[in-house]
Structure formats: structure tokens, C-alpha cells
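Please have a look at the sequence and the structure first.

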Amino acid sequence: MTDDVLVVHGGTPLEGRIRVRGAKNLVSKAMVAALLGDTPSRLFDVPRIRDVEVVRGLLGLHGVKVSDGEEDGELVFDPSNVESASTDQINVHAGSSRIPILFCGPLLHRLGHAFIPDLGGCHIGPRPIDFHLQALREFGATVDKTPEGLHLSAPNGLHGTKFALPYPSVGATEQVLLTAVMAEGVTELRNAAVEPEIIDLICVLQKMGAIIKVHTDRVIEIQGVKRLSGYTHRPIPDRIEAASWAAAALATRGHVEVLGAQQADMMTFLNIFRSVGGEYEVTDLRPPRGGRPGQEGGIRFWHPGGELNAVALETDVHPGFMTDWQQPLVVALTQARGLSIVHETVYEQRLGYTEALNSMGANIQVYRDCLGGTPCRFGRRNFKHSAVIAGPSKLHAADLVIPDLRAGFSHLIAALAAEGTSRVYGVDLINRGYEDFEAKLADLGAHVERP
Ligand code: EPU
């Protein structure tokens with residue numbers, strides 16, 4: 001842990017240009033989808049991040065040959081020899097990511113059984129998998145929970161079903177998609193998540209031969225097919241990473257162009273960014289999702305000088321304000337004049353990181369009440385899921401320990417915005433979702449060093 005520290009000399013605006021690649025929360029799922037094909041798949045713009053390594057490792061254990069393609073960031077998946085892996089081998093990946101739960105459907109289709117290790121991912125609440133398991137049982141899978149992990153089988157095959165999610169969960173929607181595409185018959189999923197990463201996964205599956213209709217009102221209908229082939233896909237860029245750098249530009253009074261950032265997927269963020277007083281210019285003049293690589297622009301974000309404005313916002317499922325945009329933006333909100341209000345409605349415990357900001361001079365109070373109008377599952381359940389941020393506050397340096405991925409990035413931004421030298425411990429966690437973040441910090445003129 002003591003090696004895993006970044007020394008941050010704060011107080012310098014971030015200035016420059018960086019590039020984001022394929023979205024972490026699509027790329028990892030598209031990699032799992034490659035298991036379903038009977039011919040090789042190619043995925044471009046794959047970032048070098050920990051979640052990708054974990055999925056690559058798990059695919060390899062199941063006989064999928066993963067190799068680097070010709071283009072930087074291109075991966076090729078050859079699933080012609082899918083095979084079982086031992087629980088011991090799979091358990092090497094226990095606790096490292098949440099993606100393994102999405103192997104259920106594809107492995108059941110390819111092998112008739114699946115073993116899923118204990119999941120990892122960020123500690124931002126209990127993060128149950130009850131919707132996933134309920135959905136798999138609806139398809140006809142049997143699930144056996146053991147101390148070493150989950151054993152699944154489908155003795156009578158997987159069959160289409162009508163199913164409504166209790167909440168539009170991203171992961172559970174992906175679980176249903178990855179299972180239904182090759183299940184026998186038609187599946188109708190109601191109350192589905194419709195995040196851009198889900199639509200992009202549907203594009204991947206459609207390229208493979210799937211028949212998927214996205215209706216209005218969160219209804220997705222999937223007609224199962226007997227075989228799928230490989231895909232070639234360039235994923236949507238990472239809109240969480242793009243917003244994180246935008247928030248960093250605002251909090252440090254800087255100016256950052258995020259190449260690859262796409263307006264269409266970030267509209268809700270851009271509205272809030274502008275309301276806070278940040279400015280941006282869309283420099284990507286290609287038609288949405290079109291164009292050739294190398295021609296790309298992105299979005300330029302900057303602090304125009306003067307004071308920022310307090311805002312009220314609620315996190316929500318798409319098209320709402322993403323829960324993962326919340327933590328980086330709150331750092332910028334500590335610099336806004338007045339009282340900002342944040343109501344976190346997606347995760348029950350995603351405001352713990354504000355204590356660290358308070359230790360740096362921020363003035364943030366967290367509340368159990370719902371401070372917003374969105375119907376929320378946490379209001380009467382005693383979770384501190386609303387925050388009031390009083391600003392502006394002068395941030396000063398501190399020693400910080402990173403608790404999870406997005407909160408970690410917010411700690412980093414706070415240290416960059418603060419006067420003085422901070423030590424940020426546990427920065428390696430940031431590599432789970434931010435490719436080459438230290439090199440990008442250097443490109444933006446940040447004064448950071450490994451001790
Ligand atoms: N939920 C359940 N039961 C389930 C599944 C979800 O109660 O079986 C609840 C969760 O506890 C949470 C809510 O439903 O309160 C939403 O969870 P969701 O399933 O949508 O989240 P996820 O699929 O586990 C993905 C992203 C998260 C992102 C959320 C919301 C990946 C790998 N992760 O998680 O990203 O916050 O969707 O958009 O795609 C991150 O990138 O740092 C990250 C945490």
C-alpha cells in the first residue's frame with residue numbers, strides 16, 4: 001500500500017488535450033459477448049485497464065484465444081475451442097471485478113454449465129445480484145450458491161421468458177440480453193436499462209446475428225436464434241472518463257479537450273456543466289457514431305473565470321445524470337457559490353468519499369432524507385444518500401486513501417485543486433477504469449510524482 005501512492009502538488013490548472021477510448025462499461029461486456037460467436041470477433045479502442053485484463057483472463061481460461069490485433073487497442077477473440085475451466089483457476093479472479101456474473105448466459109449456452117467466482121467491483125453499497133439470478137432462473141437455469149462461488153446449469157436448455165426488472169439495472173439488463181439472444185423462443189424484458197452502453201451492446205449482438213427490438217418505455221424484445229457469429233466493433237467512447245476530466249478542468253480552473261468525447265451520450269452532463277458555469281465546445285464535427293478514426297475531435301471543457309454557480313441535481317438511470325459522474329463533479333461544486341444539492345438515487349452508499357473532501361476544507365453535509373423529487377428506494381431505509389455542498393471552499397492538501405474507482409478520481413481532482421502537496425494512497429485502483437491516467441495527468445501539466 002505504501003508504494004501505491006501519488007504525491008500531488010496541487011493548485012495548477014489542468015491544461016491540454018487527452019483522449020478517451022472505448023467505454024469500460026461496454027468493452028468488458030462486448031468481450032463476454034465474443035464467447036457466443038462461432039467465428040472470431042474484433043474489438044477496437046480497447047483501453048488498457050484492469051477490468052479488461054480480468055475479462056481477458058477469464059476468456060482465456062475458457063478456451064477463447066485472445067490476441068492483439070494490428071491497430072493499437074484492437075483485440076481479436078477466437079472462440080472456436082470454448083472449454084470448461086476449473087473452479088480453482090477461475091477463483092484466481094475472485095473479488096476482482098463484477099463482470100464475471102455476465103459469463104452465466106454465454107457459458108450456459110456454450111457448455112451447459114458455468115462457475116462464477118465471488119464478485120468484486122467497487123464498494124459502493126451491497127450491490128446484490130438477485131435480479132441476475134432471478135432472470136437466469138426464469139430462463140430455466142438452476143443456480144447453486146456455494147461458499148466457493150455460483151454453480152449454474154441448464155439441464156433442459158434456456159428458454160425465452162417474459163420478465164420485468166424491479167429496477168432498470170444495467171448489469172441485469174445485460175445478463176438478460178446475453179442469455180436471451182440464444183435462448184429458445186422470444187424474451188420480453190420490461191423496465192430494462194437503456195444506457196448508451198446497453199444500446200451499444202445490442203449493436204454488437206445484432207452484428208453477431210441477434211434479433212433485438214428496443215421498444216419505447218424500457219421494453220426490449222429478443223427473439224432467440226440458433227447461432228451467432230463474430231462481430232467487428234468500435235465501441236462508444238467512455239463518457240464517464242470524459243466527464244471526469246471535464247470536472248477536473250472545472251475544479252482546477254483549467255482547460256481540457258477530451259478527444260473522443262461524444263455530445264449525444266453526455267447531454268445530461270453537459271447541461272449540468274453549463275448550469276454550474278463551466279463552458280464547453282463540441283469539437284467533434286463527425287456525424288454521431290460515424291466518421292473514421294484519426295479525424296476525431298471531442299469536447300473542450302474549461303473554467304471561464306469568475307465564480308461557479310451552485311446547482312441541485314439527482315443521479316438517475318439513463319437519460320438521467322449518471323451516478324458515476326457525481327463524485328468528480330462534486331469536487332467542482334465545492335468551488336461554487338451557494339448551496340448545491342445532490343440526491344444519489346442509484347446507489348445507497350455513494351457519498352462516503354465526501355468525508356475526505358471535508359478533511360481538505362470542503363463543507364459537505366450528508367443526509368438520510370431524499371433531497372429531490374425523484375422517487376428513490378433509499379429514503380426510508382436510513383441511508384445517507386443526499387448531500388448539501390456549501391461553497392466556495394478553499395481546499396488544502398491532505399493525505400487521502402482512495403476507497404473506490406470514481407471516488408478515487410474525485411480525491412485526485414481534489415488534490416489537484418488544493419493548495420499544497422497531498423499524498424493520495426491506493427491510486428492503483430484508478431487503473432481499474434482510467435487508462436494511463438498518470439500519463440494523461442502529465443500531458444495536462446499536473447505536478448504529480450511517485451515518491
Ligand atoms: N441492483 C440490485 N440487484 C441486482 C442488480 C442491481 O438491487 O441484481 C441494484 C444495485 O444495487 C444498484 C442499482 O440496482 O442500487 C443499479 O445497479 P446496476 O445493476 O445498474 O449497476 P451495475 O450493472 O452493477 C453498472 C456499472 C456501474 C454503474 C452502474 C449504473 C459496469 C461494470 N458497472 O453497474 O459503473 O455505476 O451500472 O450506471 O457496467 C463504475 O464504472 O465505476 C461503475 C460502478
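Predicted model: local features only at pLDDT ≥ 70, side-chain atom pairs only at ≥ 80, totals over all residues.

Residues are numbered from 1 along each chain as its sequence is written, and side-chain values use heavy atoms, with hydrogens and water left out.

Let me take the two annotated residues in turn. K24 sits in helix 1, where helices (H or I, at least four residues) and strands (E, at least two) are DSSP runs numbered from the N terminus. Is K24 buried or exposed? K24 counts as buried because its relative accessibility is 8%, and the cut-offs here are under 20% relative accessible area for buried, over 50% for exposed and partly exposed in between, with a 1.4 Å probe and protein chains only. Leaving aside neighbours within four places in sequence, K24 is in contact with I49, D51, D238, L405, R406, R432 and G433, contact meaning heavy atoms within 4.5 Å.

N25 is also found in helix 1, but N25 is partly exposed, because its relative accessible area is 21%. Not counting residues up to four places away in sequence, N25 touches E174, E197 and I240.

Now to the empty space. Rolling a probe the size of a water molecule over the atoms shows where such space is left. On a 1 Å grid over the protein atoms alone, a cavity is a set of points where a 1.4 Å probe fits but cannot get out, a pocket is an open set with protein on both sides within 12 Å along at least five of seven lines, and lining residues have an atom within 4 Å of a point. Grid points are joined across faces, edges and corners, and a volume is the space filled by probe spheres set on the points.

The structure holds 1 cavity of 30 Å³ or more, and the largest cavity has a volume of about 30 Å³.

Which helix gives the largest share of the lining of the largest pocket? That is helix 6, with 4 residues, although helix 1, helix 5, helix 10 and helix 12 are also among the helices that each supply at least two residues. The lining of the largest pocket has 18 nonpolar, 8 polar and 18 charged residues.

I would like to finish with the backbone. Most residues other than glycine have a negative phi, and most peptide bonds are trans. Here the peptide bond from H318 to P319 is cis, with omega near 10 degrees, and P319 lies in the loop between strand 18 and helix 10. A second case to look at is the cis peptide bond that joins G391 and P392, with omega about 0 degrees; P392 lies in the loop between strand 21 and strand 22.

As for phi, R218, in the loop between strand 11 and strand 12, has a positive value of about 60 degrees although R218 is not a glycine. R253 likewise has a positive phi, near 60 degrees, and lies in the loop between helix 8 and strand 14, where R253 is partly exposed with a relative accessible area of 47%.

Terms used
Nonpolar A, V, L, I, M, F, W, Y, C, P; charged D, E, K, R; others polar.
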